[in-house]
Amino acid sequence: MSVRVLLPNAFQKHTNGTREIQSSAGNLPQLISEIETTFPALRSHLRDESGQVRRFINFYVNEEDIRFLGNDKYSFKDGDEVLVIPSIAGGCCAAGECASRGIRLAAVCSCCSYCGQEECCCGD
Amino acid sequence: MAAAYELRCRECGKRYENAPLSICDECFSPLEVVCDLEAAKRTLTREAIAAGPSSMWRYQALLPVPEDYKPVTPAGWTPLLHAPRLAERIGARNLFIKNDAVCLPTLSFKDRVVAVALANAQIFGFDTVGCSSTGNLANAVAAGAARLGLKTYILVPGDLEPAKILNTQVYGATLVRIDGNYDHVNRLCSQIADRYNWGFVNVNLRPYYAEGSKTVGFEIAEQLGWRLPDNVVVPMAGGSLITKIRKAFKELIALGLVEEKEVRFFGAQATGCSPIATAVKTGADHIEPQRPATIARSLAIGNPADGVYAARAIRESGGWAEDVSDVEIVSAIQELAETEGIFTETAGGVTTAVTARLYAHGRIHPDELTVACITGNGLKTTDVLQGAYEQHAAIRPRLTDFENYLEECSEENELELGGAYVR
């Protein structure tokens with residue numbers, strides 16, 4: 001199994017100009033590890049002080065934000081094209097906790113959708 | 001600082017010389033322009049500004065362009081209107097509208113950011129410029145580039161309003177419709193900017209572009225007689241405008257042009273695309289991307305570039321964010337037009353509806369000086385009012401026909417008042 005990974009210009013200073021790699025990673029955490037092994041100079045730039053992948057780095061699979069696909073839980077398929085784009089938005093932590101928390105918030109959060117207050121009585 | 005401005009990483013603080021660059025190569029976070037306020041302080045006075053042109057360029061010393069830059073398009077300096085009739089309708093007593101529905105040359109606040117971005121595109125030597133856009137930016141880039149003789153590639157979502165498409169193509173721009181939403185378009189533009197030597201105003205020129213938004217804040221302060229309001233309500237798409245109005249107020253305080261004051265910032269989004277409002281409401285320090293589904297297409301950015309900073313600015317200021325439904329957006333467009341004679345597009349409907357809700361929920365006190373920012377013109381999104389008004393049959397050009405018509409109208413009104421007819 002192989003996926004095509006497109007790297008942004010901003011990475012090239014740390015990748016000796018490499019713009020594209022083929023990877024056999026099965027999911028996002030594996031892919032990030034592989035990128036770091038292939039380009040050791042990139043590692044300290046890719047992660048913050050706590051070891052988390054920096055939040056401004058976004059990953060997309062075949063035009064879809066990987067966070068819509070399950071983030072770390074998404075299994076790459078043969079022929080997938082993975083796009084790495086920094087600085088589009090806030091992003092979230094690489095562990096995928098944010099994504100799962102987001103789903104929880106949307107599904108069961110007790111915030112009022114009208115005023116945003118928990119336990120509010122707008123709708124009563 | 002060598003020049004009067006330079007680039008700096010918003011996260012790690014690394015400095016960069018001026019270049020078409022928007023991403024820090026150390027931590028991959030966004031860059032922004034920092035102006036040398038100490039240098040500006042020596043010459044910038046209220047009088048010097050008042051003696052400047054009647055456009056956003058009266059604040060040129062606080063924008064990232066060379067001192068000797070000669071602007072070619074007088075964007076900005078739009079009216080700040082007292083809005084007593086809308087205020088009465090929504091329970092306010094001290095409400096103002098900053099009306100960028102009449103910002104020149106293309107009737108949205110994007111003319112401000114484009115003016116600064118294209119100035120820098122020329123400085124960096126680009127002969128081709130472009131943008132990803134939900135419409136207003138497309139219009140502004142197309143017009144601005146035409147005036148400067150630059151080639152233009154503009155990428156937009158495939159379902160954009162017809163008026164915004166026409167208002168881009170008329171300037172001779174190459175319009176590329178993308179089968180996807182704005183976030184798809186924006187991502188593609190990031191790739192194109194990496195590959196082609198073009199100046200994308202909201203990608204590789206973004207730090208310069210964003211500074212143009214500060215002029216909304218400068219103008220509000222000057223038009224209020226060099227004082228800051230208590231509250232500002234701002235529509236949020238990518239989230240940049242609200243952060244830059246705040247930056248503008250801080251710069252004016254640092255320059256001693258206004259008295260220090262904590263202004264509260266309120267963000268407005270459509271419920272069908274509300275990633276920043278959601279972050280504010282849930283207290284999250286990150287943005288969860290959304291798939292947009294709203295008629296407010298100029299605000300339909302599911303993965304907002306400055307979302308984190310917008311949410312932070314709102315929280316730090318003691319403000320709040322709200323989101324409103326598409327039905328409320330259309331009603332608010334009508335309400336603003338009927339009460340203040342301002343015809344805004346859907347984004348302005350969002351701002352107006354959110355402003356009303358903030359008063360209704362007691363988040364803004366009626367007596368506080370509040371400015372609602374209207375950023376675009378209703379003539380660009382007339383499709384949302386399709387069918388909203390009945391057209392009666394044409395009458396003959398005779399006085400008797402006109403009198404009959406008036407009589408029919410009054411009968412209809414009576415029926416309406418009696419509750420038998422509901423619009």
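Two strands are said to pair if DSSP finds at least two bridges between them. Strands themselves (E, at least two residues) and helices (H or I, at least four) are DSSP runs, numbered from the N terminus. With these terms in hand, strand β4 (residues 80–82) and β5 of chain B pair in the antiparallel sense over 3 bridges, and Leu80(B) stands opposite Lys98(B) in β5(B).

The model described here is predicted: local features need pLDDT of at least 70, side-chain atom pairs count only at pLDDT 80 or more, and totals for chains, interfaces and linings use all residues. Residues are numbered from 1 along each chain as its sequence is written, while chains are lettered from A and ligands numbered from 1 in the order in which they are written.

A residue counts as buried if 20 or more other C-beta atoms lie within 10 Å of its own, as exposed if 12 or fewer do, and as partly exposed in between, with C-beta atoms placed from the backbone. By this count, 5 of the 5 residues of β5(B) are buried. Leu95(B), Ile97(B) and Asn99(B) point one way from the strand, and Phe96(B) and Lys98(B) the other way.

At the level of the whole chain, an automatic or database domain assignment supplies the domain bounds. Chain B is divided into domain 1 (80–107 + 213–385), domain 2 (110–210) and domain 3 (390–423). The C-alpha centres of domain 1 and domain 3 of chain B lie 38 Å apart.

A further sheet is open and has 4 strands, in the order β8-β7-β6-β9 (chain B), with parallel pairing. Its edge strands, each pairing on one side only, are β8 (174–178) and β9 (199–200) of chain B. β6(B) and β9(B) pair over 2 bridges, and Gly130(B) stands opposite Phe200(B) in β9(B).

Helix α5 (residues 136–148) of chain B has 13 residues, and 10 of them are buried. Among the buried residues are Asn136(B), Val141(B) and Gly144(B). The elements that cover them include α4 (110–123), β6 (128–132), β7 (151–157) and α6 (162–169) of chain B. The expected span of a helix is 1.5 Å times one less than its number of residues; for α5(B) this gives 18 Å, which agrees with end C-alpha atoms that are 18 Å apart. Just after the helix, Gly149(B) takes a positive phi of about 75 degrees.

Two residues are in contact if their C-beta atoms, placed from the backbone, lie within 7 Å. Leaving aside neighbours within four places in sequence, Val141(B) is in contact with Val114(B), Val129(B), Cys131(B), Thr152(B), Ile154(B) and Val201(B). A nonpolar core is a set of buried Ala, Val, Leu, Ile, Met, Phe, Trp, Tyr and Cys residues joined through C-beta atoms within 7 Å. The largest such core has 147 residues, and Val141(B) is one of those with the most contacts inside it, together with Ala117(B), Val234(B), Leu299(B) and Val350(B). α4(B) gives the most to this core, with 8 residues. The core draws at least three residues from each of domain 1 and domain 2 of chain B.

Finally, Ala337(B) is found in helix α13 (residues 326–340) of chain B. Ala337(B) is partly exposed because 17 other C-beta atoms lie within 10 Å. Beyond its neighbours within four places in sequence, Ala337(B) is in contact with Ile342(B) and Phe343(B). Ala337(B) and Leu86(B) are 251 residues apart in sequence, yet 9.3 Å apart in space, C-alpha to C-alpha.
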